[in-house]
Amino acid sequence: MSSKKTEISQEVPEAIDLVVARQALEEEKVSLLQKLEEMGFGGSGLEYDDNFADSSQVTAERGEAETLVSQLREALADVEFALSKIDSNRYGLCDSCGAPISAARLEAIPTAKLCITCVAQRSRR
Ligand SMILES: [Zn+2]
């Protein structure tokens, strides 16, 4: 009986707490939606900003607001994508190579899509 080894999982070096991750993402989503709503872009106001962008009367102020709105929307899309990965049990896996993303990285960036190796490769060029 003494020869029996304790089994240690090698596949998952660091456990990712999906409950904590989901909560962080949900909170992020709510705050992003709030910001968009404050700017008048909440809900389904997706159709008309193309027209604004084309208008010659676009002010610098509006341009800044649009930049911010598109950043917020991008962040929101990232959050929703991360949530969908939790639902499909793929959260914490690199979108490029499929390797697990470290728990520390996910804690810092809950919406991280790539592992550190892939990020380094992309930024190196
Ligand atoms: Zn990767």
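This is a dialogue on how to read a predicted protein model.

Trainee: What should I know before reading the numbers of this model?

Mentor: The model is predicted, so local features need pLDDT of at least 70, side-chain atom pairs count only at pLDDT 80 or more, and totals for chains, interfaces and linings use all residues. Residues are numbered from 1 along each chain as its sequence is written.

Trainee: What is pLDDT, and what is its mean in the protein?

Mentor: pLDDT is the predictor's confidence in each residue, from 0 to 100. The mean for the protein is 83, and 74% of the residues reach 70 or more.

Trainee: Where is confidence lowest, and where is it highest?

Mentor: Confidence is lowest in helix α2 (residues 49–54), with a mean of 52. It is highest in helix α1 (residues 18–38), at 95.

Trainee: How many helices and strands are there?

Mentor: Helices (H or I, at least four residues) and strands (E, at least two) are DSSP runs, numbered from the N terminus. The protein has 5 helices and 0 strands, and from the N terminus on the order is α-α-α-α-α.

Trainee: How are two packed helices described?

Mentor: The description uses the angle between the axes and the distance between the axes. Axes are lines fitted to C-alpha atoms, for helices over the stretch in contact, and angles run from 0 to 180 degrees between N-to-C directions. Here the axes of α1 and helix α3 (residues 60–87) come within 9 Å and cross at roughly 155°. Angles under 35 degrees count as roughly parallel, over 145 as roughly antiparallel, 65 to 115 as roughly perpendicular and the rest as oblique. Therefore α1 and α3 are roughly antiparallel to each other.

Trainee: Which residues of α1 and α3 make the contact?

Mentor: Two residues are in contact if their C-beta atoms, placed from the backbone, lie within 7 Å. On the α1 side the contact includes L18, A21, L25 and L32, and on the α3 side it includes V69, L72, A75 and L76. In this contact, 13 residues are nonpolar (Ala, Val, Leu, Ile, Met, Phe, Trp, Tyr, Cys and Pro), none is polar (those in neither other class, Gly among them) and 5 are charged (Asp, Glu, Lys and Arg).

Trainee: Is F41 buried or exposed?

Mentor: A residue is buried if 20 or more other C-beta atoms lie within 10 Å of its own, exposed if 12 or fewer, and partly exposed in between; C-beta atoms are placed from the backbone. F41 is buried because 21 other C-beta atoms lie within 10 Å. F41 sits in the loop between α1 and α2. Not counting residues up to four places away in sequence, F41 touches L36 and V69. In the protein, buried residues make up 9% of the 125 residues.

Trainee: Why does N89 count as exposed?

Mentor: N89 counts as exposed because it has 9 C-beta neighbours inside 10 Å. This residue is in the loop between α3 and α4. N89 also has a positive phi of about 60°, although it is not a glycine.

Trainee: How many residues apart in sequence are A103 and D17, and how far apart in space?

Mentor: A103 and D17 are 86 residues apart in sequence and 8.5 Å apart in space, C-alpha to C-alpha. A103 is in helix α4 (residues 103–108) and is partly exposed, with 16 other C-beta atoms within 10 Å. Another such pair is V20 and E107, which are 87 residues apart along the chain, with C-alpha atoms separated by 9.1 Å.
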